[in-house]
Amino acid sequence: MEMAAKLKTWTFFILCLVVIHFTQGTHEGRRRRTFKIDYANDRFLKDGLPFRYVSGSIHYFRVPASLWADRLWKLRMAGFNAVQTVVEWSSHEPEPGVLDFSGNHDLEAFITAAQDQDLLVILRVGPFICAERDMGGFPYWLLRLHPNIRLRSSDPAFLRHVDAWLGEVLLPKVKPLLYENGGPIIMVQVENEYGSSSNCDFQYTAHLREVFRQHLGPSVVLFTVDSTGSSNLRCGKIPDVYATVDFGLGTDPNEIFGQQRLFEPRGPLVNSEFYPGWIDHWGEPHHKTDAQELAGALDAILALNASVNMYMFHGGTNFAFTAGSNMGRTFQTCPTSYDYDAPVSEAGDPTEKYHALRQVISKYLVVPLGPVPPVPLKARYGEVKMEPLGSVMQLLSLLRGVTQPWPLTFEQLHLANGIVVYHTVLRFRVPDPARLSVNDVHDRGYVFVEGRYVGLVSREQELYDVAVTALPGHTLVIMVESQGRVSVGPRLNDFKGLTANVTINNHVLKGWTMTPLPLTDLTRLRHVLWRLHQTLSPSPQLGTPQGGMTFYRGTFNIPAEEPHPLDTFLRLDGWAKGVAWVNDVCLGRYWPEVGPQVTLYVPRSALTQGTNTLLLLELEASPCHAPCPAPCSCPVSLVDTHQVDGPTPP
């Protein structure tokens, strides 16, 4: 018995030594996972060995989660060894304290999916991202809570929300996914192209750096990105944060990297945004570049032993109301498609650019073995007959408005995006005709008097006056559509709706009732549309003579014997401008009248075998306007060819 007890003691002791040995080995292995800058030799070091990345941008929120693996696999098979993505604050915190990291917003799942494809991750957490998104990725409620807030600055009100978002929510999720902790994240960006903001608030950028260091630790590589120009780099440079540059075709990489060297004399050369295409706007031609020219430009960058990220490798889609706008010479709105003329199209198709870039990358990195990804199959589900459900005017009777002496903005009405119906009753006699002035409409307003459509006001087209004929007691209605908040520049504080008083012949109108449409709440929208359908006659009065300001519904069938639904595209010939939903997915805005986007991408994840429902809110004109005998129906088509480069106005 005594011998057995001694043997048990020695066995336990040996097991403890073994556990200690392997535990130490594990910790040593973790310590060996390092990613840092080797300033002496102008390069990165990964696990102590020279490294450079060839990365491509994919934004997880622009791609259905079920398709992440496909897009990431295509990135890896093209030879890229990293993926870059941005984190959109507004997607994850749509209202204060209301957090969403599920479905298409599951950031951690996307990062894990990238690691599964043997891809490293470069994470751009902002808090400002631009990316042609509504308000540059900031949540709209910042404007509601603090109308005079100074975004991207050391304004205490702004920093208080930024610190809560980064320190309490986002960065604790990021830290376990850092490369040193076993994850794939090798670099984290601070802010985004801050040098172009004209703020130059070094107190703000230094504060962000300290927040990142506090929550991510001292070892992670932090970096900034700025567009070319010494003034941009001077304003965007943060001490102890590595400065990188961005540039596209038609530039000499030696010259631009020379600008980087003014602010980073030693360290790796990095182009953090190398552009294969460019931003589109409604009404302007689709931007395209030559595949061989792009491949040659990438070759020139890689020949300098630089690291590079292609923005975008796969652009994806601005689903729902997430597309932003820009302020160039005039207000410019961004389409639903974010195709970007990228190597992988909006619908996931490898393009000519994909194959050309793969050949270039194979000169510098080991490209995975295996077949080149094919173009996925698309479906032509055919014609869908749409029938009117009722007009926006009729829907108002089922919704509750807010009455105030002066117009309220979307933000004051707790509305992120969509449409608000403003109406007031005229209490005085006006000349015939009179001039209605809506000088600060953000962004597009449809004007009605006593239910009769009388004209349009538009920030984009710089139309602010409408001739009206009205009598005392008549109701004036202005249906205001948000076309996306400005995504970059000094006008980020882009309030939506009627942002100033409305006048008739310089007489200020008072006593407004404002009714938001529930376009971003699909459950509530379905409920009020069902109630509307129950109360209307078979031939409801349309909102405009051309069939606008009206909801339309149709169904189509995907046979059960088909293995699974395929991607398809919604084509709206004869329709003017509006919003489309398939089942529970808002596909986004359509505007084929002005182009360049003609069709909307319908991902297979939005479809189901059996009956599918298509819903449209047509704002201006449908192909089935009067005369149209009851029951009236008009078609759209589900086709197998995408068109994002259609004709645009001269």
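Me: I am new to this structure. What does "buried" mean for a residue?

Reply: Buried means under 20% relative accessible area. In this predicted model, cysteine 130 has 8% relative accessibility, so cysteine 130 counts as buried.

Me: Is cysteine 235 buried or exposed, and what about cysteine 200?

Reply: Cysteine 235 is buried, at 3% relative accessibility, whereas cysteine 200 is partly exposed, with a relative accessible area of 35%.

Me: How many disulfides are there in the whole structure?

Reply: A disulfide is a pair of cysteine sulfur atoms within 2.5 Å, and a search of the whole structure turns up 2 of them. In one, the sulfur atoms of cysteine 200 and cysteine 235 are 2.2 Å apart. This pair links distant parts of the chain, 35 residues apart: cysteine 200 sits in the loop between strand 7 and helix 7, and cysteine 235 in helix 8.

Me: Which cysteines form a disulfide with sulfur atoms 2.4 Å apart?

Reply: Those are cysteine 624 and cysteine 634. Cysteine 624 lies in the loop between strand 32 and strand 33, and cysteine 634 in strand 33, so the pair ties together parts 10 residues apart in sequence. Both cysteine 624 and cysteine 634 are buried.

Me: Where does methionine 549 lie?

Reply: Look in the loop between helix 13 and strand 27. Methionine 549 is buried, at 1% relative accessible area, and the residues it touches include Tyr446, Phe448 and Leu617.

Methods. Residues numbered from 1 in each chain as written. Predicted model: local features only at pLDDT ≥ 70, side-chain atom pairs only at ≥ 80, totals over all residues. Heavy atoms only, no water. Helix = DSSP H or I, 4+ residues; strand = E, 2+ residues; numbered from the N terminus. Buried < 20%, exposed > 50% of the residue type's maximum accessible area, 1.4 Å probe, protein only. Contact = heavy atoms within 4.5 Å. Lists of a residue's contacts leave out its neighbours within four places in sequence.
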